[in-house]
Amino acid sequence: MILDIISKKANNYELTKEELETIFMGYLNDEVKDYQMSAFLMAICINDMSDSEVFALTDIFIKSGDVLDLSFIDKIKVDKHSTGGVGDKTTLIVAPLVASLSVPVIKMSGRGLGYTGGTIDKLESIPGFVVNLSEDEIRKQALDIGIVITSQTKNLTPLDKKVYALRDVTATTNSIPLIASSIMSKKIAGNADKIVIDIKVGRGALIKTKEDAIRLSNLLIKIGTYYQKEVRTVISNMDVPLGHNIGNKLEVLEALDVLKGKEKGALYDLVVELASEMVSLGKNIDIETAKGEVIDNLSNGKALDKFLELVKYQHGNVDNLSIEAKVYNIKANKNGILNNIDALSIAKLCENLGAGRKDLNDKIDYNAGVVLRKNIGDEIKEGDILASLYTNVLDPVFNIDKTFEIS
Ligand code: URA
């Protein structure tokens with residue numbers, strides 16, 4: 001039976017929901033083996049999925065675990081998701097910004113598996129910050145201050161988790177229907193009313209082309225419509241890292257700079273775009289009005305105050321955030337214009353410096369990471385500092401020509 005299902009997909013026939021359920025739930029229950037699921041996922045990568053197969057798979061992922069109950073909040077709840085990028089600390093800024101405009105944000109986030117940490121790792125780099133709240137604590141905090149960022153309390157979409165871990169090691173991460181059902185199952189199980197998804201596209205992202213980003217966007221919106229959840233997408237560039245700091249505590253420091261109005265540029269622009277979409281959805285107002293409110297709360301300190309309220313409520317302290325690590329400055333070896341900073345090699349570097357984990361049990365060095373000192377388009381002189389590496393690893397290996405393109 002399992003082999004029939006695999007060969008049906010390999011021969012490009014459409015599968016029924018029952019067939020998809022048999023193979024995927026069989027995988028969750030260890031009846032279908034890794035090697036069988038690997039072959040099946042590769043057949044999907046090659047032959048794609050129809051819309052009805054994608055809807056069916058999303059449903060199977062959702063029903064494999066719990067669904068959150070957020071009905072204790074009577075306002076429209078808006079969630080945000082990013083397909084993953086280097087230096088992406090937008091949640092740290094966008095969530096308090098949106099909450100400062102009275103749109104509740106209850107966010108379940110993950111730890112990062114891969115080159116750099118996830119939102120929960122970044123928050124955990126703040127001394128004292130508690131990330132594992134109970135359901136009662138989440139409810140109380142949401143009602144008191146309108147914002148919660150916590151690790152998952154319930155067992156949401158365990159099947160997606162298991163399939164994603166296998167996709168990661170079998171070169172099957174970049175299938176658009178698999179990405180769409182993976183993201184949407186998590187968002188629907190999280191039970192927000194409306195969802196904004198940041199699709200990263202570029203050399204440092206899972207999605208490499210604009211065409212694929214548009215196809216993913218259309219599919220995410222279609223799945224949302226199927227579940228009666230309004231979905232909006234933003235397609236953003238990930239050729240170069242987002243912002244200047246990459247690494248957990250360094251990213252918190254940069255998020256604070258944006259909230260204090262000290263940093264503009266690509267990160268600020270994306271924060272404004274994502275938050276405006278969320279506020280427009282949450283308050284049912286047009287995007288230009290939402291954008292005005294978002295920019296106001298970034299400049300009048302209300303978003304910063306909401307961030308500090310969140311940190312205090314979850315027992316953190318950002319008063320004396322300092323980086324405890326050795327600093328190695330990377331200096332330019334020629335004159336010219338800085339044309340590119342390769343996001344992927346910066347991400348791999350961060351992992352080598354200790355900022356990421358290869359295995360879920362690895363320990364992260366919250367102080368490790370990279371601060372980029374120059375922007376794309378800057379004129380560079382030999383000897384200029386391009387980046388500072390923060391690490392407790394002795395003599396980190398670094399290939400300047402692979403990372404910085406100067407010509
Ligand atoms: N993000 C997800 O949550 N799932 C994917 O498959 C890809 C990006």
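Visitor: How far is an oxygen atom of the ligand from an N or O atom in the side chain of R167?

Guide: That distance is 2.9 Å, and a polar contact here is a pair of N or O atoms within 3.5 Å; within protein, one must be able to donate a hydrogen and the other to accept it, and residues adjacent in sequence count only if both atoms are side-chain atoms. Bear in mind that this is a predicted model, where local features need pLDDT of at least 70, side-chain atom pairs count only at pLDDT 80 or more, and totals for chains, interfaces and linings use all residues. Side-chain values use heavy atoms, with hydrogens and water left out, and residues are numbered from 1 along each chain as its sequence is written.

Visitor: And what about S182 and K186, how far are they from the ligand?

Guide: A polar side-chain atom of S182 sits 2.7 Å from a ligand nitrogen. For K186, a side-chain N or O atom is 2.6 Å from an oxygen atom of the ligand.

Visitor: How much of the ligand's accessible area does the protein cover?

Guide: 93% of the 240 Å² that the ligand has on its own, by the Shrake-Rupley method with a 1.4 Å probe.

Visitor: Which residues surround the ligand?

Guide: H81, T83, Y164, R167, I179, S182, I183, K186 and L206, each with a heavy atom within 4 Å of the ligand.

Visitor: Which helix gives the largest share of that shell?

Guide: α9, with four residues. Helices α8 (158-168) and α9 (176-190) each supply at least two; helices are DSSP runs (H or I, at least four residues), numbered from the N terminus.

Visitor: Switching topic, what is N47 in contact with?

Guide: Leaving aside neighbours within four places in sequence, N47 is in contact with K9, A10, N11 and N12, contact being heavy atoms within 4.5 Å. N47 lies in α3 (residues 34-47), and the N47 side chain reaches the backbone oxygen of K9 at 2.9 Å.

Visitor: How far apart are N47 and N11?

Guide: They are 36 residues apart in sequence and 8.1 Å apart in space, C-alpha to C-alpha.

Visitor: Last one: which residues of α1 meet α2?

Guide: I2, I5, I6 and K8 of α1, and they meet E19, T22 and I23 in α2.
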